Amino acid sequence: MAQSGVPLRVSTFAQRDKGDKVRLTLSAQVGQPGTPPGEFTVAYAIVSNENRLVASDGNRYKLAANAGSPNEPLHFSTATVLDPGLYSLRFAVVDAEGRRGSVSRDLTVFKMEAEEFATSDLIIGNLQPAGQGMRPNVEPHVTADRLAAYLELYSKTPETLAATTVA
């Protein structure tokens, strides 16, 4: 059962990793917009369809809003590598006053390796300075007059990619 003492939103972003693995980034918005930075206990568990724990973490983290966006909720992000398959995600936070928030959801991690055509999840946000990668956000806020988008395209055959366009 989800708890909402601390407002919490969680999203996932999948990208191909080595072999047939998938890199899954978990991104969370914690608290209301404008929540001051602070210490939170953050924990998650990813359980396979066979009821086997495949990834987990539980630690205290200092959370803050994204740079340049002080009126957003606090941000947390981490990544793990999974096999394609069906999973359930349990994600929870506890603030310094003991208030809790949790999210439970099912995950489908799609196979990307050796497919005729596959894509990563689309990441949207502000254009970053040279050399800085985009940071996946639950709800990206574009605060400039230019938008950045990041999408990876995968194929087992070079001909498929040669005939692919993105608009």
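Biologist: Is Glu 159 buried or exposed?

Modeller: This is a predicted model. Glu 159 sits in helix 1, residues 158–162. The cut-off for exposed is over 50% relative accessible area. Glu 159 has 57% relative accessibility, so the residue counts as exposed.

Biologist: How far apart in space are Glu 159 and Ala 43, C-alpha to C-alpha?

Modeller: In sequence, 116 residues separate Glu 159 and Ala 43. In space, their C-alpha atoms are apart by 43 Å.

Biologist: Which pattern does the chain follow along the sequence?

Modeller: The chain holds one helix and 11 strands. Read along the sequence, the order is β-β-β-β-β-β-β-β-β-β-β-α.

Biologist: Among contacts between residues at least 6 apart in sequence, what percentage join residues at least 24 apart?

Modeller: Take contacts in the chain between residues at least 6 apart in sequence. Those that join residues at least 24 apart make up 62%.

Biologist: What percentage of the residues of the chain count as buried?

Modeller: The C-alpha atoms fill a box of roughly 55 × 45 × 25 Å along the principal axes. The accessible surface comes to about 9,800 Å², with 50% belonging to carbon and sulfur atoms. Buried means under 20% relative accessible area. Of the 167 residues, the share that counts as buried is 35%.

Biologist: Where is Leu 151, a member of the nonpolar surface patch?

Modeller: The patch covers about 730 Å², and its members include Phe 117, Ile 124, Val 142 and Leu 151. Leu 151 counts as partly exposed because its relative accessibility is 35%. Its place is the loop between strand 10 (147–150) and strand 11 (153–154).

Biologist: How many Å apart are the centres of the positive and negative side chains?

Modeller: The chain carries 16 positive and 18 negative side chains. The centres of the two sets are apart by 5 Å.

Biologist: What is the phi of Asn 51?

Modeller: Most residues other than glycine have a negative phi. Asn 51 lies in the loop between strand 3 (38–48) and strand 4 (53–63). At 68% relative accessibility, Asn 51 counts as exposed. Asn 51 is not a glycine, yet its phi is positive, about 65°.

Biologist: Which loop holds Ala 114?

Modeller: Ala 114 also has a positive phi, near 60°, in a residue other than glycine. With 42% relative accessibility, Ala 114 counts as partly exposed. Its loop is the one between strand 7 (100–109) and strand 8 (118–119).

Note on methods. Residues numbered from 1 in each chain as written. Predicted model: local features only at pLDDT ≥ 70, side-chain atom pairs only at ≥ 80, totals over all residues. Heavy atoms only, no water. Patch = residues over 30% accessible without salt bridge, like charges linked within 9 Å, V, L, I, M, F, W, Y side chains within 5 Å. Areas by Shrake-Rupley, 256 points an atom, 1.4 Å probe, with all protein chains shown as cover. Salt bridge = Lys/Arg side-chain N within 4 Å of Asp/Glu carboxyl O. Helix = DSSP H or I, 4+ residues; strand = E, 2+ residues; numbered from the N terminus. Buried < 20%, exposed > 50% of the residue type's maximum accessible area, 1.4 Å probe, protein only. Contact = heavy atoms within 4.5 Å. Lys, Arg positive; Asp, Glu negative; His and termini not counted. Charge placed at Lys NZ, Arg CZ, Asp CG, Glu CD.
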